[in-house]
Amino acid sequence: MNIRPAFSDDCPALAAIDAVSNPSPWSVKQFASALAQSTDKLWVCETDGVISGFIVWQDILDESELHLIATAPEYRRQGIASALLQHWQNAVQQQGATRLLLEVRSSN
């Protein structure tokens, strides 16, 4: 398992994972737009060289808000989402964030 920053070439894979994981999935264009924003952070988890999951968050001042996290169905139950959440927490703590936010749909 390797966690690394996302690149623009990763956007189609991220959109494909989101399409099977999220009832309101982001498009390739939305992922690319987030990559272009300095406040948005996109990280991927690779398993055996394949993108198996991702996380997207936004940092503003001392707050960080989780926007998306997903694991490809064939890689679920392997600790990928937990590793990505831990990566988010470590990254924002190093940058001095004092609040982590997560908005959850009432149906989730």
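Trainee: Which residue in E4 does Phe 54 stand opposite?
Mentor: This is a predicted model, in which local features need pLDDT of at least 70 and side-chain atom pairs count only at pLDDT 80 or more, while totals for chains, interfaces and linings use all residues. Residues are numbered from 1 along each chain as its sequence is written, and side-chain values use heavy atoms, with hydrogens and water left out. Strands (E, at least two residues) and helices (H or I, at least four) are DSSP runs numbered from the N terminus. In E4, the residue that stands opposite Phe 54 is Ala 70.

Trainee: How many bridges join strand E3 to strand E4?
Mentor: Two strands pair if DSSP finds at least two bridges between them. E3 and E4 form a hairpin with two residues between them, and Leu 61 in the turn has a positive phi of about 55 degrees. E3 (residues 50-60) and E4 (residues 63-71) run antiparallel, and the number of bridges that join them is eight.

Trainee: Through which helix does the chain cross from E4 to E5?
Mentor: E4 is joined by four bridges to strand E5 (residues 99-102), and the two run parallel. The β-α-β crossover from E4 to E5 is right-handed, meaning that, with the strands pointing away from the viewer, the path from the first strand over the helix to the second runs clockwise. The helix through which the chain crosses, residues 80-94, is H3.

Trainee: What is the angle between the planes of Phe 31 and Phe 54?
Mentor: Rings of Phe, Tyr and Trp (its six-membered ring) pair if their centres lie within 6.5 Å, with planes under 30 degrees apart counting as stacked, over 60 as edge-to-face and the rest as tilted. Trp 26 and Phe 31 form a tilted pair, 5.2 Å centre to centre with 55 degrees between the planes. Phe 31 and Phe 54 form an edge-to-face pair, 5.3 Å centre to centre, and the angle between their planes is 90 degrees.
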